[in-house]
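Keep the model open beside this text.

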Amino acid sequence: MKIEFKKVPTDKKELKTEFNSVKIEGTFCRISSSLVKIEAKLSGNIDIDCSRCAELEILSLDEELKLILSDGVFKGEEKDEFLVIEIENSLIDFDEIIESELNSVKSEYHICKECLQKDKLVEQEF
Ligand SMILES: [Zn+2]
């Protein structure tokens with residue numbers, strides 16, 4: 001789903017889009033001529049590599065997504081709970097936003113259940 005920056009309404013609009021079986025559901029609205037606010041929930045299942053044994057594991061996502069999209073370079077003040085994303089070409093591409101969110105989740109340190117189990121066994125032995 002793509003939408004032009006200037007076409008985003010100033011009233012909250014429902015956001016519902018899906019990319020590779022991961023969903024974003026929530027609202028988005030324009031808060032100034034160059035800023036769009038997104039408050040949504042990211043949910044779905046993704047495959048993630050274990051950082052230790054590289055085994056793929058399915059992780060179910062359920063994350064709050066609070067984003068400020070800036071049309072070009074962001075000049076405002078950063079708000080703590082909101083992540084700022086600078087948009088090029090004045091075109092908001094929600095698929096791209098989901099994809100980059102997923103990539104950041106995937107790049108986080110993750111240990112699979114089996115490795116966690118092994119850790120527990122080691123702890124019990126000593
Ligand atoms: Zn593992």
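Start at the metal. The site of the zinc ion is tetrahedral, with angles of 106 to 111° among its 4 donor atoms. That label rests on a cut-off, because four donors count as tetrahedral if all angles lie between 85 and 135 degrees. Bear in mind that this is a predicted model.

Which atoms coordinate the zinc ion? They are the SG atoms of Cys50, Cys53, Cys112 and Cys115, at 2.2 to 2.4 Å. Along the chain the donor residues follow the spacing C-x2-C-x58-C-x2-C. Cys50 sits in the loop between S4 and S5, while Cys112 sits in the loop between H1 and helix H2 (113-125), so this pair ties together parts that are 62 residues apart in sequence.

How exposed are the donors? Cys50 and Cys112 are both buried. For Cys112 the relative accessibility is 4%. Cys53, at 36%, counts as partly exposed. The disulfide count comes to 0.

The loop between S4 and S5 also holds Ala54. Its backbone deserves a look. Most residues other than glycine have a negative phi. Ala54 has a positive phi of about 65°. At 54% relative accessibility, Ala54 counts as exposed, because the cut-off for that class is over 50%. Asn20 also has a positive phi, near 50°, and is likewise not a glycine. Asn20 is in the loop between S2 and S3. Its relative accessibility is 60%, so Asn20 counts as exposed.

The largest nonpolar core has 25 residues. Phe28, Val36, Ile38, Leu69, Ile92, Phe94 and Ile97 touch the most other members. Two or more residues come from each of strand S2 (13-19), S3, strand S4 (35-49), strand S5 (56-71), strand S6 (83-87) and H1.

Take Val36 as one of these core members. Leaving aside neighbours within four places in sequence, Val36 is in contact with Phe5, Val8, Phe28, Cys29, Arg30, Ile31, Leu67, Ile68, Leu69 and Ile92.

Next come the rings. How many aromatic pairs does a search of the whole structure find? The search finds 1. The ring centres of Phe28 and Phe94 are 5.3 Å apart and their planes stand at 70°, so the pair is edge-to-face. This pair links distant parts of the chain: Phe28 belongs to strand S3 (residues 22-32) and Phe94 to helix H1 (residues 94-106), 66 residues apart.

Asp93 lies in strand S7 (residues 91-93). Its relative accessible area is 15%, so Asp93 is buried. Not counting residues up to four places away in sequence, Asp93 touches Met1 and Lys2.

Glu86 lies in strand S6. At 46% relative accessibility, Glu86 counts as partly exposed. Beyond neighbours within four places in sequence, the contacts of Glu86 are Ser70, Gly72, Val73 and Phe74.

Technical notes: Residues numbered from 1 in each chain as written. Predicted model: local features only at pLDDT ≥ 70, side-chain atom pairs only at ≥ 80, totals over all residues. Heavy atoms only, no water. Phe/Tyr/Trp six-rings, centres within 6.5 Å; stacked < 30°, edge-to-face > 60°. Helix = DSSP H or I, 4+ residues; strand = E, 2+ residues; numbered from the N terminus. Core = buried A, V, L, I, M, F, W, Y, C linked by side-chain atoms within 4.5 Å. Buried < 20%, exposed > 50% of the residue type's maximum accessible area, 1.4 Å probe, protein only. Contact = heavy atoms within 4.5 Å. Disulfide = S-S within 2.5 Å. Donors = N, O, S within 2.8 Å, 3.2 Å for Na, K, Ca; no water. Tetrahedral: all angles 85-135°; square planar, octahedral: opposite > 155°, others 65-115°.
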